[in-house]
Amino acid sequence: MSLSPSAPNGDLGFVSLVGAGPGDPDLLTVKAVKRIRTADVIVYDRLVSQEILDLASPTAEMVYVGKQLDHHFVPQPDINQILVDQAKLGKHVVRLKGGDPFIFGRGGEELQSLAAENLPFEVVPGITAAVGCTAYAGIPLTHRDHAQSVQFITGHLKQHGEDIDWPSLAHSNHTLVFYMGLKQCPQIQANLVSNGLDDATPCAIIERGATPQQRVLTGKLVELAILAEQAISPSLIVVGSVTELHQELAWFTPEPY
């Protein structure tokens, strides 16, 4: 059953929190495409491609609220308020986020603002970057010979990394995926090694994953900070022996530089 984005509370609008996936527009869900095409207002992030935005109706109002490293174009409370204000005008609003909105996307915070105002909403999940980008890089997150578990970690670390339980991450049969961690690679490397992970552990940085500009940098954990100096944002950091499979399983051919 496909729920329709109707407004059950009289003149109130409706907000669809939609995941745009990791980059390739063909990875959008069918429901995501439907919501984008019928939206009155689309509030979108920096990582949403123009190809995806082009699916919107020509009459849709496009509101850019993208964030990037060290610069927030629109503060999060203001984004929350935009969603509330537009819904109160009776509009169908699509809040469009790269990847999945509930995985390091602040989607929960935005929905809490809507819930506090008794505004109706729905969630349309998307393929998160850890799944999509590693798949396009030929890096399985789990593998019987390499990793029996996987963990997603935000790279937005507090000073000295006191918000991360580093000893729990330093296991050889484990895959670690760090979101938004390019600038923090020196601290990631140092904390993992100091807590017992072998500095020869394979790792990879997937730059602009699942797009025609994808690039994959591979090396050892001891080289992670150096690799990061060669990469640009957005990038995903993967630590674990599964990254060794990139050379064997890489299937996606990005555009030549």
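I began with the packing of helix 7: its buried residues pack against helix 6 (166-169), strand 9 (174-179), strand 10 (202-207), helix 8 (224-230) and strand 12 (235-239). Contact here means heavy atoms within 4.5 Å. Helices (H or I, at least four residues) and strands (E, at least two) are DSSP runs, numbered from the N terminus.

The model is predicted: local features need pLDDT of at least 70, side-chain atom pairs count only at pLDDT 80 or more, and totals for chains, interfaces and linings use all residues. Residues are numbered from 1 along each chain as its sequence is written, and side-chain values use heavy atoms, with hydrogens and water left out.

Which residues of helix 7 are buried? I listed Cys 185, Ile 188, Gln 189, Asn 191 and Leu 192, within a helix that spans residues 185-194. Buried means under 20% relative accessible area, exposed over 50%, and partly exposed in between (1.4 Å probe, protein chains only).

I then looked past the helix end. Gly 196 follows helix 7, and its phi is positive, near 110°.

Next, residues other than glycine with positive phi. Arg 106 has phi near 60°. I placed Arg 106 in the loop between strand 6 (92-97) and helix 4 (107-116). Its relative accessible area is 34%, so I noted Arg 106 as partly exposed.

Arg 208 also is not a glycine, and its positive phi is about 50°. I found Arg 208 in the loop between strand 10 and strand 11 (215-220). Arg 208 counts as partly exposed, at 24% relative accessibility.

Last, the peptide bonds. Ser 233 and Pro 234 are joined by a cis peptide bond, with omega about 0°. Pro 234 sits in the loop between helix 8 and strand 12. Helix 8 and strand 12 are among the elements that the buried residues of helix 7 pack against.
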